[in-house]
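Have the sequence and the model open side by side as you read.

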Amino acid sequence: MQGKDLHLIRKAFRDWVNLDSWQSPCAITLTLRQAIFIEGDNGRIRQSLTQQEASQNFRHFMNRLNRSTFGKAAQRFGKGLAVVPILEGGSGKRLHYHTIIDCPAKFGGEFHAEIVRHWKATDWGYHQTDCQHGADRGWLNYITKFRDKADFVASIDLMNLRLP
């Protein structure tokens with residue numbers, strides 16, 4: 001894909017994600033373990049993180065977070081938090097997610113603790129997290145930058161994206 005096309009895709013994505021309709025968007029960075037060790041028949045096996053495993057891990061995290069936020073309605077009726085997940089890193093830089101998640105009013109300032117708790121409970125969740133309230137267009141522009149992404153379009157985790 002040529003540079004001009006990528007700029008058009010990025011602009012269209014930024015325009016599509018309209019933060020004006022969000023209640024309380026939070027700017028969240030979640031880091032991932034780059035490898036885990038699995039006990040097998042032949043001893044410990046080192047498994048490296050792939051983009052697909054990162055996406056599955058993020059989905060598991062969001063399922064846990066949605067369940068703690070909406071209870072059984074998350075599974076029964078598909079209720080869930082709005083989220084824009086962008087995967088960055090690779091080529092020697094730790095894989096991590098930059099996200100925007102709509103903070104539910106019931107958590108208030110405790111939302112970061114919920115994020116950390118559920119992220120650490122996943123297989124690939126690493127302890128470095130950051131949560132800032134008041135995500136805006138500037139954060140959206142930052143997370144959709146071209147730098148630190150091997151493939152810009154593939155870095156947008158569309159399988160886990162959920163808009164209000």
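**Quick briefing**

Leu30 lies in strand β1; strands here are DSSP runs of E with at least two residues and helices are runs of H or I with at least four, numbered from the N terminus. This is a predicted model, where local features need pLDDT of at least 70 and side-chain atom pairs count only at pLDDT 80 or more, while totals for chains, interfaces and linings use all residues. Residues are numbered from 1 along each chain as its sequence is written, and side-chain values use heavy atoms, with hydrogens and water left out.

- Leu30 is buried, at a relative accessible area of 0% (buried means under 20%, exposed over 50%, partly exposed in between, with a 1.4 Å probe and protein chains only).
- Leaving aside neighbours within four places in sequence, Leu30 is in contact with Phe58, Phe61, His96, Tyr97, Ile115, Trp119, Gln128 and Thr129 (contact means heavy atoms within 4.5 Å).
- Tyr97 is 67 residues from Leu30 along the chain, yet their C-alpha atoms are separated by 5.1 Å.

**The nonpolar cores**

- The largest nonpolar core has 24 residues, and Leu32, Phe61, Ile101 and Phe111 have the most contacts inside it (such a core is a set of buried Ala, Val, Leu, Ile, Met, Phe, Trp, Tyr and Cys residues joined through side-chain atoms within 4.5 Å).
- Two or more residues of this core come from each of β1 (25-32), α2 (51-70), β4 (83-90), β5 (93-102) and α4 (111-120), and α2 gives the largest share, 5 residues.
- A second, separate core has 16 residues, including Phe13, Trp22, Ile100 and Ile143.
- Which residues does Phe111 contact, leaving aside its neighbours within four places in sequence? They are Cys26, Ile28, Leu65, Leu81, Ile101, Cys103, Pro104, Cys131 and His133.

**How α2 meets α4**

- The axes of α2 and α4 come within 9 Å and cross at roughly 130° (axes are lines fitted to C-alpha atoms, for helices over the stretch in contact, with angles from 0 to 180 degrees between N-to-C directions).
- That makes α2 and α4 oblique to each other; angles under 35 degrees count as roughly parallel, over 145 as roughly antiparallel, 65 to 115 as roughly perpendicular and the rest as oblique.
- On the α2 side, Asn57, Phe58, Phe61, Arg64, Leu65 and Ser68 meet Phe111, Glu114, Ile115, Arg117, His118 and Trp119 of α4.
- The buried residues of α4 are Phe111, Glu114, Ile115, Val116, His118 and Trp119, and they pack against β1, α2, β5 and β6 (125-133).
- Asn57, in helix α2, counts as buried at 5% relative accessibility.
- Not counting residues up to four places away in sequence, Asn57 touches Leu32, Trp119, Thr122, Asp123, Trp124 and Gly125.

**Leu87 in β4**

- Leu87 sits in strand β4 and is buried, at 7% relative accessibility.
- Leu87 and Ala154 are 67 residues apart in sequence and 8.4 Å apart in space, C-alpha to C-alpha.
- Among the contacts of Leu87, leaving aside neighbours within four places in sequence, are Leu32, Gln51, Ala54, Lys149 and Ser155.

**A backbone detail at Asp148**

- Most residues other than glycine have a negative phi.
- Asp148 has a positive phi, near 70°, and is a residue other than glycine.
- Asp148 is in the loop between α5 (137-143) and α6 (152-155), where Asp148 is partly exposed with a relative accessible area of 24%.
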